Amino acid sequence: DRVVYDLGLSLWRRPPPPDIVIVAIDDASVAAMGRWPWPRVVHSTLLERLAEARPRSIALDLVLSEPDTDPAQDLLLARMLRHAAPVVLPVAWQAGGPGLPGRSLLPVPVLREAVRLGAAEATVDADGVLRHAFLRTSLGDQLYPHMALALLEAGGDTLAAGLPVTRATADGTLTAPAAGWIRQDRFAIRYAGPPGHVQRLSYLDVLTGAVPADQLRGRHVLVGMTANGLGDTLATPVNRQQHAMPGVEVLANTLYTLRSGDTLRAVDAGPGALLAAALTLLLVLGFDRL
């Protein structure tokens with residue numbers, strides 16, 4: 001089933017979403033600006049540039065859970081986050097050690113007061129491939145939308161009507177992978193194409209003003225890492241022989257799925273059982289013929 005699923009997604013491409021663009025922390029940006037992590041004043045300057053272009057929403061896909069050694073840097077970044085609003089920052093999940101509970105990694109208080117928050121988490125299948133995501137994640141009484149859903153809402157869009165969502169129980173809870181961290185409402189991610197399919201602009205080019213504002217105005221802008229050795233990369237059904245997909249591009253494809261509703265639907269149990277029986281029968285007949 002997974003082989004057919006992955007092959008179908010790889011062959012059945014969609015045009016890249018025209019109103020989603022990635023501002024990539026790429027190799028050229030790192031080479032020009034020095035080793036990672038960069039001072040937060042750099043991100044503040046980028047946000048100022050983005051605010052001038054008036055995008056629809058901004059995702060700053062960076063875990064900023066530790067305060068800067070210079071408190072003024074955090075205050076400046078918080079001010080630019082408000083100026084460039086609406087901005088979404090991720091809430092990540094860190095698993096605990098043996099016998100220890102995990103914990104959420106929230107942005108530092110001065111930053112999270114200026115933004116919307118969204119859950120950033122990759123839930124892979126048993127073979128290590130990311131095919132699904134969850135609309136919401138809860139930690140205790142705190143419920144976080146998926147980062148893509150938070151972006152959608154921040155930009156004034158709504159969830160596509162009829163998006164197929166799996167709810168295993170009456171309250172919508174599907175799985176609790178670690179103590180206190182509960183995922184809800186699973187859906188399949190509809191990847192539009194392989195890594196690099198979604199438009200990318202270099203962080204350095206946006207920072208220096210080399211990118212015209214027209215390329216950012218009215219679009220969902222996702223800032224994240226694509227440089228080799230930085231950030232998260234994930235195996236997806238559309239990777240095939242290419243490099244793994246950067247997490248920020250997975251986020252772009254997830255946003256595309258939620259907005260368009262263009263995704264794959266699971267076959268109902270009855271037809272699925274009939275199809276499985278027919279394939280098994282064909283296999284047995286093939287032993288005799290082949």
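Helices here, of at least four residues, are DSSP runs numbered from the N terminus.

First, the whole chain. This is a predicted model. The mean pLDDT is 89, and 93% of the residues score at least 70. Where is confidence lowest? In strand 8, residues 173-178, with a mean of 51. Strand 10, residues 200-202, sits at the other end with 97, the highest.

Now the build. We have 9 helices and 13 strands. The C-alpha atoms fill a box of roughly 75 × 40 × 35 Å along the principal axes. The radius of gyration is 21 Å; a compact globule of 290 residues would come out near 19 Å, so the two agree. Take contacts with a separation of 6 or more: 78% of them join residues 24 or more positions apart. Buried residues account for 47% of the chain.

Is helix 8 mostly covered or mostly open? Mostly covered: 12 of the 14 residues are buried. Buried here means under 20% relative accessible area. The buried set includes Gly247, Glu249, Asn253 and Tyr256. Val248, Val250, Leu251 and Leu255 are among the buried residues too.

What follows helix 8? Gly261, with a positive phi, near 75 degrees.

Notes. Residues numbered from 1 in each chain as written. Predicted model: local features only at pLDDT ≥ 70, side-chain atom pairs only at ≥ 80, totals over all residues. Heavy atoms only, no water. Buried < 20%, exposed > 50% of the residue type's maximum accessible area, 1.4 Å probe, protein only. Helix = DSSP H or I, 4+ residues; strand = E, 2+ residues; numbered from the N terminus. pLDDT = per-residue confidence, 0-100. Rg over C-alpha atoms; globule rule 2.2 N^0.38 Å. Contact = heavy atoms within 4.5 Å.
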